[in-house]
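Here is a short briefing on salt bridges and helix packing. Look at the model first, then read the points below.

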Amino acid sequence: LGLNPVRRAIWDLYAFVDAPRGDVPALREAGTMPWWTHPDLELTAFRPLSSLLLALDHHVLGLGALGKHLHSVVWWIALVLTQAALVRRRMPVAVAVVAVVLFALDPAHASPIAWIANRTALVSALFGTLALLAQARWREGGGRRWGLGAVALWALALAGGEYGFCMVAYG
């Protein structure tokens with residue numbers, strides 16, 4: 001790509017198969033890629049916001065994992081609170097409380113909290129939920145700024161990772 005080393009490192013954070021590194025023959029040999037896989041195959045997820053957050057983690061927190069896990073917990077807490085705001089707009093209080101508790105305790109959240117590289121799911125979900133809130137406000141006659149805010153938040157959800165597409169489906 002002709003990127004400087006820092007930008008290349010951010011780009012490579014989510015490089016799953018990289019032909020220049022020699023990944024394809026090794027993956028074929030291991031049996032994780034079929035024999036007919038093209039030798040120049042490259043699979044890289046486009047997650048610029050999540051990549052920048054991981055680079056920031058490394059710069060600020062160093063190599064230790066504890067701070068990075070706590071950073072993921074902060075994203076999860078923000079997601080739960082945002083989800084609470086969303087369901088409260090659409091449900092009676094008692095139903096909303098049950099929905100938020102079930103959402104918060106969902107075991108699916110363990111993976112993005114425990115696996116630092118999967119924080120991308122929390123980032124995309126948070127910005128997607130915020131976008132849903134802004135879009136709802138815009139549809140209720142909130143004005144142009146809410147509509148523009150929703151578009152910006154959708155862009156951030158997609159910049160967090162491909163999980164943003166899941167949230168766009170709700171919009």
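A salt bridge is a side-chain nitrogen of Lys or Arg within 4 Å of a carboxyl oxygen of Asp or Glu. This is a predicted model: local features need pLDDT of at least 70, side-chain atom pairs count only at pLDDT 80 or more, and totals for chains, interfaces and linings use all residues. Residues are numbered from 1 along each chain as its sequence is written, and side-chain values use heavy atoms, leaving out hydrogens and water.

**Salt bridges**
- The whole structure holds four salt bridges.
- Arg 89 and Glu 140 pair at 2.5 Å, N to O. Arg 89 sits in helix H4 (residues 66-90) and Glu 140 in helix H7, 51 residues apart. Helices are DSSP runs of H or I, at least four residues, numbered from the N terminus.
- Arg 90 also meets Glu 140, at 3.6 Å, N to O.
- Asp 57 bridges to Arg 119, with the closest N and O atoms 2.5 Å apart. Asp 57 is in H3 and Arg 119 in H7, so this pair ties together parts 62 residues apart in sequence.

**Exposure**
- Buried means under 20% relative accessible area, exposed over 50%, and partly exposed in between (1.4 Å probe, protein chains only).
- Asp 57 is buried at 3%, and Arg 119 is buried at 3%.
- Arg 89 is partly exposed at 35%, whereas Arg 90 is exposed at 53%.

**Ala 157**
- Ala 157 lies in helix H8 (residues 144-160). Its relative accessible area is 0%, so Ala 157 is buried.

Key:
Helices (H or I, at least four residues) and strands (E, at least two) are DSSP runs, numbered from the N terminus.
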